[in-house]
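Let's look at this structure together, one question at a time. Have the sequence and the 3D view ready.

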Amino acid sequence: MKRKFNTGIGFALLLCPVLSFGQAGYPSKPVRMIIPFAPGGASDFVGRIMQPRLSELLGQQVVIENRGGAAGSVGMEVAARSAPDGYTLVLGNVGSTAINPGVFTNLSINNLRDFVAVTQVVDVPGVLIVQTSLPVNSVKDLVAYVKANPGKLNYASPGSGSQNRLEMEILRTVEKGMDMVHVPYKGGAGPAVTGLVAGETQMMFSTVSSALGYIKGGRLKALAVTSTRRLDPLPDVPTMKESGYPEVASGSWQGVLVPTGTPRAVVDRLFESLVQTMKTPDVVERLAKGGAEAVTSSSPKAFADFVAAETQRWGKVAKESGAIAD
């Protein structure tokens, strides 16, 4: 998918110093990649597919560290406080990077100030899923069922600041009278989807990669995907637009960032290695089987501008929907 990047306030890439003589051999030791969510979610899925090829291209082992909590804010803060030397990366997503600032009022970091953008790596579409026991087979069915049972149903999310939560809030804004209880989970889509399978909640928007196995196995029912077109892994599942809800059409992008102050030459090396990683046929194929599409930025600045525009966009959605951290 070809993405058009919006212009906006970029990260302070020009402030990054050039490599000193002692940094010329970067990387000379293992590189840590923080995934700000628990294992089992979309970010973990993407990171572990990227890891082997990225390690090969960098010539050093890339070590994944899951640091979930507060809709990704915990891991993002750990990354932001790390030394800006290129040995700590963070795989941020739309929620942890662009949505959280509009939902959480007490964040101790500023993602636009405290990170240098490197590149987007994937776009992961979402899917509206429900328990198999729920007597609905379409989005319209679900809306009608919720309205007929006010206050009796729960919807899950990976956290208050997640895109999945805001997608449900957009649907509730369009369809007035959907009285439901929000149940936020910690650590990403994996735990929330597991809770849905276990019967703790009745519905949620999730990334396709987190829910695909359960859908294919008949343990969850997919009503619609949030992408602009139907997905190859779920060809019989309509889009939200086809279902009558074009407002709920979006993708859950992910990208790599490093702490502000990371040398420009290191950022450039990482950018080149990441773009090569995401163009590797095996990586592309494995991602596609899980419902994710490899998408890279044209430059670090292009990704910085894109993140700034997405932060503005989702901040507006959060404000208009009244979504705040639970």
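Q: At which residue does helix 1 bend by about 40 degrees?
A: This is a predicted model, in which local features need pLDDT of at least 70, side-chain atom pairs count only at pLDDT 80 or more, and totals for chains, interfaces and linings use all residues. Residues are numbered from 1 along each chain as its sequence is written, and side-chain values use heavy atoms, leaving out hydrogens and water. Helices (H or I, at least four residues) and strands (E, at least two) are DSSP runs numbered from the N terminus, and a bend is the angle between axes fitted to the seven residues ending at a residue and the seven starting there. In helix 1 a proline, proline 52, follows within four residues of the bend, which lies at glutamine 51.

Q: How are helix 3 and helix 11 placed relative to each other: roughly parallel or oblique?
A: The axes (lines fitted to C-alpha atoms, for helices over the stretch in contact, with angles from 0 to 180 degrees between N-to-C directions) come within 8 Å and cross at roughly 45 degrees. Angles under 35 degrees count as roughly parallel, over 145 as roughly antiparallel, 65 to 115 as roughly perpendicular and the rest as oblique. Helix 3 and helix 11 are therefore oblique.

Q: Is glutamine 254 buried or exposed?
A: Glutamine 254 sits in strand 9 (residues 251-259). Buried means under 20% relative accessible area, exposed over 50%, and partly exposed in between (1.4 Å probe, protein chains only). With a relative accessible area of 1%, glutamine 254 is therefore buried.
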